[in-house]
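Take a first look at the chain below.

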Amino acid sequence: MIAAPQRGLPGTRPEGARNEAEAAAHVREMFGRIAPRYDLLNHLLSLDVDKLWRRRVARRFSSVLHDSNARVLDVCCGTGDLAFAFRNEAPSGAEILGSDFVPEMLVRARAKAAAAGAAVEFVEADALHLPFTDASFDLVSCAFGFRNLANYERGLREILRVLKPGGAAGILEFAEPPGRAFGAMYRFYFRRILPLLGGVISGNSSAYAYLPNSVSAFPSPEALQSQFERAGFVQVQFQRWTGGIVTLHTAEKSKSI
């Protein structure tokens, strides 16, 4: 079974991982195994609400997406759903790229782009070592992949590095709902029902046991906001959606850098 990261560590630490390289290898292998059923389970287990969340992110950054000269990067893109939401928000706007270090995910993302005729490019890349020059993107995003990084601070600094001065960052992640009643119902579903269904459908019970554990161990929205600020971002904010199940973190790179 793959264990969740522990609070206070720099990033995810699957069971048996002795360092960041081994942690990343565990995550890459796990997501490679569940890639064939990844989209089905995302939509089924969220009751299709994950599609709404991604559309909301796209609308949040519509001003960037409608700029035909803008460049947008979605890191940890998985099978590309957020990148496609960006493309749908601005069909003739920004250049959109998706990156991920799991080849099996990118195979499916490229197939979806080809089937839909969507102008989105996908590249294999590690979010902690992005193969892009400094100050090359107007928007960098990540949806439900940031908590799986082996080093959160380095991930934020890489995002900051590739952003242009004045550029925007958006990270959408799961969170523990703050309300007692709703939080209790959420935790029952997330920790009991979701791992069972996910394991049966995907054939990989450890991956869907990891999901709720990783969320409970991930920094709180307030703590992640502080990490953004320490990394050098400005205008750092977060919004809780759907009763606090997910949080959208937004920030900018100072124009003076």
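In which helix is I193 found? I193 lies in helix 8, residues 180-202. Helices here are DSSP runs of H or I with at least four residues, strands are E runs of at least two, and both are numbered from the N terminus. The protein chain has 10 helices and seven strands.

This is a predicted model: local features need pLDDT of at least 70, side-chain atom pairs count only at pLDDT 80 or more, and totals for chains, interfaces and linings use all residues. Residues are numbered from 1 along each chain as its sequence is written, and side-chain values use heavy atoms, without hydrogens and water.

I193 counts as partly exposed because its relative accessibility is 31%. Buried means under 20% relative accessible area, exposed over 50%, and partly exposed in between (1.4 Å probe, protein chains only). Of the 257 residues in the protein chain, 55% are buried.

Now turn to the interior. In soluble globular proteins, nonpolar side chains tend to be buried together. The largest nonpolar core has 51 residues. Such a core is a set of buried Ala, Val, Leu, Ile, Met, Phe, Trp, Tyr and Cys residues joined through side-chain atoms within 4.5 Å. F86, F122, L172 and F174 have the most contacts inside this core. A second, separate core has 31 residues, including V75, A127, F137 and L163.

F122 also shows links along the chain. Leaving aside neighbours within four places in sequence, its contacts (heavy atoms within 4.5 Å) include C77, F84, L106 and R110.

Finally, the overall extent. The C-alpha trace of the protein chain spans about 45 × 40 × 35 Å along its principal axes.
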